[in-house]
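Reader: Please show me the structure. I am new to it and will ask about one point at a time.

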Amino acid sequence: MTLLARIKVHSQQICGLAWSPDGKQFATGGNDNLCCLFDVDNIAKEEPDLGFSLGNSSERKPSGSQGAASSFVDKPGITLDFPDPLYTVTHLTVGSEKHRWRHGAAVKAIAFCPWRQGLVATGGGSNDKCIHFYHATSGAALATISVAAQVTSLIWSTTRREIVATFGYAQPDHPYRIAVFSWPDCRQVAAVPWEGEHRALYAIAYPGGPSDMYGTKDRLKSRTAEEGCIVVASSDESIKFHEVWTAGRKATSFGSGVLAGSDILEMGEGIDKEGDVIR
C-alpha cells in the first residue's frame with residue numbers, strides 16, 4: 001500500500017469526508033468548524049513523477065539535504081515529496097483548498113448532490129444546528145435550514161429533489177431524529193420521531209429495503225424499491241433501517257432555466273447571492 005497524498009488544512013480532528021459523484025472534487029469537515037473543498041487534480045497524480053521531468057526548474061525549487069527525500073514546491077500550499085523515484089507524495093496545506101466554509105460547530109455531515117453538479121450540502125454540530133447549501137464552483141452560500149439539532153449525516157435522494165438528514169443532540173429538545181427536506185424551497189416534507197433520548201449517530205444509503213420482501217405490484221413501483229432505504233446507527237447500540245422515500249417517484253430533471261426558473265442556484269461563475277435561513 002502506497003501513500004499518495006496527505007491533506008493538513010484543519011487545526012483539529014477530521015470528522016467528515018465526501019467525494020463528488022463525478023470524482024472531481026473532495027470535501028473535508030473538521031472539529032475546527034470548517035468544511036474545505038478540494039479539486040482532485042491537486043490531491044493525487046494519475047501518473048508517477050520520476051523526479052527528472054519537473055518542467056521549468058525556475059518554478060520548482062528543491063528543498064532538504066542531499067541524499068534525503070527531496071521536496072519540490074509545485075504551487076502555493078502544495079508540496080511534492082520524492083522518497084522513492086517511482087511515486088510522489090502530495091502534501092496539501094492551508095491555502096491549497098478551493099473553498100473553505102466556516103460553520104458554528106464541527107462539520108460531520110457532507111453530501112454532494114448526485115443530480116445537480118456543483119451543489120453540496122453540509123451539516124453543523126450542536127452549536128450550529130443547521131443544514132447549509134453551497135455552490136461548489138464559486139463557493140457561494142445558497143440556503144440554510146435551521147433544524148434545532150446536531151446534524152450527523154446527509155443523504156440526497158436519487159429520484160426526487162429531496163435530501164434526508166439525521167440528528168443527534170436536539171436543542172430545544174424534540175423527538176425527531178430523521179427529516180426529509182425538499183430542494184430548492186427547503187421545506188420539510190417528512191419527519192421520523194424516535195422514542196426516548198436516543199440519537200442518530202450516522203446514516204448511509206442502502207439500495208434495498210422493506211420493499212425487497214414485499215411482492216405486491218405497488219411495492220415494486222415504490223420509491224423504496226427504486227432507491228432503497230437508509231441505515232442509521234443509533235446511540236442505543238442498534239442499527240435501524242428506515243424507509244424514508246415514501247412518496248411517489250418524481251424525476252430530478254429540471255425544466256427551462258436554472259432549477260426550473262428558480263434563482264436560488266445560479267450555476268454561473270459570478271454568483272454572489274447569500275442564502276436565507278429557513279425556519
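Reader: Before that, how are residues numbered, and what kind of model is this?
Author: This is a predicted model, where local features need pLDDT of at least 70, side-chain atom pairs count only at pLDDT 80 or more, and totals for chains, interfaces and linings use all residues. Side-chain values use heavy atoms, leaving out hydrogens and water, and residues are numbered from 1 along each chain as its sequence is written.

Reader: Where is P184 found?
Author: Strands (E, at least two residues) are DSSP runs, numbered from the N terminus. Strand 17 spans 188-193. P184 is found in the loop between strand 16 and strand 17.

Reader: What is omega for the peptide bond that joins W183 and P184?
Author: Most peptide bonds are trans. The bond that joins W183 and P184 is cis. Its omega is about 15°.

Reader: Is K129 buried or exposed?
Author: K129 lies in the loop between strand 11 and strand 12. Its phi is near 55°, a positive value in a residue other than glycine. Buried means under 20% relative accessible area, exposed over 50%, and partly exposed in between (1.4 Å probe, protein chains only). K129 has a relative accessible area of 19%, so K129 is buried.

Reader: Is E237 buried or exposed?
Author: E237 is found in the loop between strand 19 and strand 20 (239-242). E237 is not a glycine, yet its phi is positive, about 70°. Its relative accessibility is 79%, so E237 counts as exposed.

Reader: What does the side chain of T152 make a polar contact with?
Author: T152 lies in strand 14. At 3% relative accessibility, T152 counts as buried. A polar contact is a pair of N or O atoms within 3.5 Å; within protein, one must be able to donate a hydrogen and the other to accept it, and residues adjacent in sequence count only if both atoms are side-chain atoms. At 2.7 Å, the partner is the side chain of T166.

Reader: Which backbone oxygen lies 2.8 Å from a polar atom of the side chain of T152?
Author: Contact means heavy atoms within 4.5 Å. Not counting residues up to four places away in sequence, T152 touches residues including K108, F167 and Y202. The backbone oxygen in question belongs to A200.

Reader: Which residues touch the most other members of the largest nonpolar core?
Author: A nonpolar core is a set of buried Ala, Val, Leu, Ile, Met, Phe, Trp, Tyr and Cys residues joined through side-chain atoms within 4.5 Å. The largest one has 24 residues. Strand 12 (130-135) and strand 16 (176-182) are among the elements that give two or more residues to this core. The members that touch the most others are I131, F133, L154, W156, F167, F181 and W183.

Reader: Which strand gives the most to the lining of the largest pocket?
Author: A pocket is an open set of points on a 1 Å grid over the protein atoms alone, where a 1.4 Å probe fits, with protein on both sides within 12 Å along at least five of seven lines; lining residues have an atom within 4 Å of a point. The largest pocket is lined by 22 residues, and A111 and L154 are among those nearest its centre. With five residues, the top contributor is strand 10.

How values were computed. Helices (H or I, at least four residues) and strands (E, at least two) are DSSP runs, numbered from the N terminus.
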